[in-house]
Amino acid sequence: MKIAVYPGSFDPATNGHIDIIKRSGALFDRVIVAVLSNPSKNPIFSVEERVDILKRTCGDIKNVEIDSFSGLLIDYCKSKNANVIVKGLRAVSDFEYELQMAHMNKKLNQEIETVFIMTSSRYSYLSSSLVKEVAGFGGCIRGLVPEIIEKEIYERLK
Ligand code: PNS
């Protein structure tokens, strides 16, 4: 059984993340979307809210579940019997850091593979931080994030 963990901050989840979650669900038996609990990042949504948003957006995909974690990703994967880490790759600029993390995670646990899924071209420029920057200045984020959180993002950034 191939169990994949798709980790991230998801603050907020973007349609690029949702696209990767759906495509991962088609590739693996089980996909656990794991929201990193990292208060030092000063998030606009709490971990509980981010989990809830992802549940409301992707919770109907039958082999996808949403959870949160803290500490080392590799320890979390082991606790879930996951053998794959899924990461989305947007552009060459992502590659260097992702490669470094993939090698480090491999060093920490040889049995867990990192698999990269190329972000769909229509979301290749999209990131949570850019969404926050644009929304913070009142710019349009329609189509970039799940509709259910669009208004709330503006509220949180006021
Ligand atoms: O969405 P993000 O913020 O780019 O996700 C980064 C994440 C959560 C994948 C990364 O920070 C992570 O794995 N954090 C857990 C701590 C850890 O295992 N660090 C060592 C990575 S080699």
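Let's start with a contact: Arg 156 forms a salt bridge with Glu 152, and the closest N and O atoms are 2.8 Å apart. By salt bridge I mean a side-chain nitrogen of Lys or Arg within 4 Å of a carboxyl oxygen of Asp or Glu. Arg 156 and Glu 152 are 4 residues apart in helix α6 (residues 147-156), so about one helical turn separates them. Helices here are DSSP runs of H or I with at least four residues, strands are runs of E with at least two, and both are numbered from the N terminus.

Before I go on, the ground rules. This is a predicted model, where local features need pLDDT of at least 70 and side-chain atom pairs count only at pLDDT 80 or more, while totals for chains, interfaces and linings use all residues. Residues are numbered from 1 along each chain as its sequence is written, and side-chain values use heavy atoms, with hydrogens and water left out.

How accessible are Arg 156 and Glu 152? Arg 156 is partly exposed, at a relative accessible area of 30%. Glu 152 is partly exposed too, at 31%. My cut-offs: buried is under 20% relative accessible area, exposed is over 50%, and partly exposed is in between, with a 1.4 Å probe and protein chains only. Glu 49 joins Glu 152 and Arg 156 in a network of salt bridges.

In general, side chains of opposite charge can pair when their charged atoms come close. How many salt bridges does the rule give here? The count comes to 12.

Next, helix α1. Arg 23 forms a salt bridge with Asp 19, with 3.0 Å between the closest N and O atoms. These two are 4 residues apart in α1 (residues 15-27), so the spacing is about one helical turn. Buried or exposed, what is Asp 19? Asp 19 is buried, at 12% relative accessible area. Arg 23 is partly exposed, at 31%.

Glu 65 and Arg 30 meet through their side chains in a salt bridge, 2.9 Å from N to O. Glu 65 lies in strand β3 and Arg 30 in strand β2, so this pair ties together parts that are 35 residues apart in sequence. Glu 65 counts as partly exposed at 30% relative accessibility. Arg 30 counts as partly exposed at 23%.

What is the strand order? The sheet is open, has 5 strands, and runs β3-β2-β1-β4-β5 with parallel pairing. Strands pair if DSSP finds at least two bridges between them. The edges are β3 (64-69) and β5 (113-118), each pairing on one side only. Neighbouring strands are turned by 30° against each other on average, direction ignored. For angles, axes are lines fitted to C-alpha atoms, for helices over the stretch in contact, and values run from 0 to 180 degrees between N-to-C directions.

Now strand by strand. β2 (residues 30-36) pairs with β3 in the parallel sense over 6 bridges. Within that pairing, Val 31 has Val 64 in β3 as its bridge partner. β1 and β2 also pair in the parallel sense, over 6 bridges. There, Val 5 stands opposite Ile 32 in β2. Ile 3 stands opposite Arg 30, and Arg 30 is the residue in the salt bridge with Glu 65.

How covered are these strands? In β1 (residues 3-8), 5 of the 6 residues are buried, so the strand is largely enclosed by the rest of the structure. β2 is mostly covered, with 5 of its 7 residues buried.

On to helix α4 (residues 92-108). It lies across β4 (84-89) and β5, running at about 175° to β4. Contact here means heavy atoms within 4.5 Å. Met 104 sits in α4. Met 104 is partly exposed, at 47% relative accessible area. Which residues make the nonpolar surface patch? Leu 72, Met 104 and Leu 108 make it, and its area is about 280 Å². Patch residues have over 30% relative accessible area and no salt bridge; like charges are joined within 9 Å, and nonpolar side chains (Val, Leu, Ile, Met, Phe, Trp, Tyr) within 5 Å. Accessible areas come from the Shrake-Rupley method with a 1.4 Å probe, and for residues only the protein chains shown count as cover.

Last stop, a loop. Pro 39 lies between β2 and α2 (47-58). Pro 39 is exposed, at 67% relative accessible area. Pro 39 and Glu 155 are 116 residues apart in sequence and 20 Å apart in space, C-alpha to C-alpha.
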